[in-house]
Amino acid sequence: MKKLAVLISLVLLNGIVYGQKLGPRGTITGTVKDKKTQEPVISVSISLIDTDMGTVSDIDGNFRIENVPPKTYNIRVKSIDYKEITLYNVVVTTGNAEVLDIELEKNSIELSTAVVRSNPFQKNAETPLSIQTMSAQEIKSNPGGNFDVSRVIQAFPGVGGTSGSVGGYRNDLVIRGGAPNENVYYLDGIEVPVINHFATQGSAGGPTGIVNISFINEVNLYTSAFSAKYDNPLSGVLQLKQRSANPDKVQHNVRLSATELAYTVDGPIKKDKVTFMASGRRSYLQLLFKALQIPIQPSYWDFQYKIDYKINKKLTFYTLGIGAIDNFSFITPDELTPENIYTIKSNPTINQWNYTNGYGLKKLVKNGFWNWTFSRNMLNNELDQFEDNQNPKETERILKIRSQESETKTRFELNKYYGLWNFSVGVMAQYDEYTNDYYTRVRSEIRDQNGLLVQPSVIVQGASDINFYRYGAFMQAATKLFKERLSVSLGLRTDGNTFTTGGNNLGETISPRLATSLLLVENLKFNTSVARYYKIPPYTILGFQSGGVYVSKNSKYIQSDHIVVGFEFLPKRDIRFTLEGFYKVYDNYPVSLIDSISLANKGGNFNVLGNEPVSSTGQGRSYGVEFQFQRKLTKNFFAILSYTYFISEFTNANGIYEPASWDNRHLLSLIGGYKFKRNIELGVKFRYQGGAPYTPFDDAASQQNYLSTGVGTLNYNRFNDLRLGAFHALDIRLDKKWNFKNWALDLYLDVTNVYGGVQPQYPQYTFQRTDDNSAFATTDGQPVRSDGSNAIPYVIKESDPVIIPTIGFIIAF
């Protein structure tokens, strides 16, 4: 007995010492499904490469690997009947379980002794090119990305941001020379019109994103070759796929940065049946700006949730929501510099909120599945601008917007698979409501010293209240031929509405599309896509009223035709080269009847896009070439290099093609990362964006109108005649993770614009200040006249270089 007791004690002691030596451990869990039918896949091998750890999926496709040492892994997934895949850059910590949603593509080639492997950069037949994919981990660790999806994907080929804005920190997505309002956004199949705080109504861009990256599993950006199921895209579709919640226990995530605090929680409500995710985020950027005496005061909240309910093995239900509350105001800084005065006078105050709620039902059927969604989204937008925003007077009002837009929509989609053929058909319907009480003073009345009229006032004001229905239908078919060497996809879509003249004529919006992919030789593909797309004008255009008449009822759907060809070469399993050429042609683009400028050149500021009379007479074209090199994480290193050269031109009222506001010509980005031992990771990002065109000021008109408008008056006779300098910056991020029992800490340092590159900005017109900074300086020493005739013009041409260091942490438990 004594010997047995000693033996047991030694075994227990050895286990304790061994456990201490092993240290804290993490967990990998998830589900494996058939990519086409969404059925669970049984007996799939899931193994951690370069280890002896792994498991197989059970009868429900679920798997779980416990006691995993915390670090970064590549995971091999293989099954007899499916193509083998590798999941790269899977980070395991002790704080939160790593939840994986894996989809496998079935073998369509007769099995041999060789293992059939799936291309890790695999695209579907509907979109064989012009698609980029990024995992949540790649977004989280992106230098300068601030955990913001919109900002991170600006590093993709063909994707740029708004040039010339102060600091350049807006999330407008300019894709292949198209305007920011030409993109659509989907979250788990639910359309989310607003994904940014302080969104520009009618355009969707803003300074920072709403989507919580802790919810995201994968991001797909389509820059052409859109599936027929998406309505309204002309330049891009951003598809956000949310991850699954931890099915076993509730887990938490707290993130603190220099600008915000975010909290996320997820876990089971009823085991094996119901799971949830929820988050809230609060900014405190306004406190930092106040301490630094920056006059703008942005403040926001945002919220997000998702609930998944597995009704039975064939039927699942989910609901999701996302929303934000935004406030943008001003303080009076201690020093009223010309730059501060311009900032205060040229921007409106903003009170804005928005939300999207969605519900989805998915049913697995023989050889496929159907998906039915219902959603409602709403945007409330209130803007105010005065000659003196800090001492507002109604008689000095420049801008007033009291606007609401809402959409109630439903979509049904059926996907069926027969052998090598894939079919999908669907319909959608939505009820749209838009109200707007607006006042815009384009110019004030100006009289000379003798009381003679020098300039009449130009004021746009009115009230709108419209509601109407929109509807559409699509079908798509795709197949693979010649042992998968050739894939072909055909799609057709049409859309209508009950508001615009001719809106019910579905023949006018028929949008066909064809995509092909041919394997020329081993690892080299030739891909093509030809398509036509349509987009209904924004509500701000449709709802504009003049003299009691909705003058935009004759507006047409904006049309864009795309032709794309490209090559894809994979010299190794984890390395890809792509080369694509694209040509886009636009028709029926709205052109302003006030300033004669195409709305394709607008939407990159904090105002409203389209609240003016227009004609559907504009045309445009954008064409260029893209190159990309991508290496997945192998041997602790990953990299993405992309370069785009393009030309973007649109016609204004004169019918002449002129450089668009987004015609940067050159886009270059490099992202790289290296994972050191002891859970230390270094990330580097370099960005280069060619100079954007801009329109010079009309000196005389600017001096006359500055006091009443707060901005200079542009000389549209010289539209986009000049060009800014190029923008370039280097961002660096360093992460260090500590793993403890049941919790983990990630401490990071993120430095944006490390070497202090100057962000070129559009010239800003203001008046020179007196030496004591108490008033505007004048040529005669008298107070500045209302027409500015004795003022001294001052043009701010460049901002100071801004280096932004951020220290933050993430706690997971």
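A residue counts as buried when its relative accessible area is under 20%. With 2% relative accessibility, F198 therefore counts as buried. Welcome to this structure, which is a predicted model.

**An open sheet of four strands**

- To begin, 4 strands make up an open sheet, and their order is β3-β2-β5-β6. The pairing in this sheet is antiparallel.
- At the edges are β3 (54–56) and β6 (82–91), each of which pairs on one side only.
- On average, neighbouring strands of this sheet are turned by 15° against each other, with direction ignored.
- Inside that order, β2 (residues 45–48) and β5 (residues 72–79) run antiparallel and are joined by 4 bridges.

**Strand β16 and its partners**

- Strand β11 (residues 183–187) pairs with β16 in the parallel sense, over 5 bridges. Here Y186 stands opposite Q239 of β16.
- Strand β15 (residues 216–222) runs antiparallel to β16, and 6 bridges join the two. In this pairing, I216 stands opposite Q242 of β16.

**Aromatic rings**

- The structure contains 36 aromatic pairs. A pair of aromatic rings is described by the distance of the centres and the angle of the planes.
- Take F468 and F499 as an example: their ring centres are 5.3 Å apart and their planes stand at 35°, so this pair is tilted.
- F468 belongs to strand β28 (residues 458–481), while F499 is in the loop between β29 (486–497) and β30 (511–521), so the pair ties together parts that are 31 residues apart in sequence.
- Both partners are buried: F468 has 3% relative accessibility, and F499 has a relative accessible area of 8%.
- F468 and F499 are also members of one aromatic cluster, together with Y434, Y539 and Y550.

**Charges over rings**

- The charged end of K306 sits over the ring of Y318, at 5.7 Å from the centre of that ring.
- In another place, R769 lies over the face of F776, and the distance to the ring centre is 5.2 Å.

**Positive phi in residues other than glycine**

- Let us return to F198, whose phi is near 50°, a positive value in a residue other than glycine. You can find F198 in the loop between β13 (196–197) and β14 (208–209).
- A225 is not a glycine either, yet its phi is positive, at about 50°. This residue lies in the loop between β15 and β16.
- The relative accessible area of A225 is 3%, so A225 is buried.

Notes: Residues numbered from 1 in each chain as written. Predicted model: local features only at pLDDT ≥ 70, side-chain atom pairs only at ≥ 80, totals over all residues. Heavy atoms only, no water. Pairing = 2+ DSSP bridges. Axes fitted to C-alpha atoms, helices over the stretch in contact; angles between N-to-C directions. Phe/Tyr/Trp six-rings, centres within 6.5 Å; stacked < 30°, edge-to-face > 60°. Buried < 20%, exposed > 50% of the residue type's maximum accessible area, 1.4 Å probe, protein only. Lys NZ or Arg CZ within 6 Å of the ring centre and 35° of its normal.
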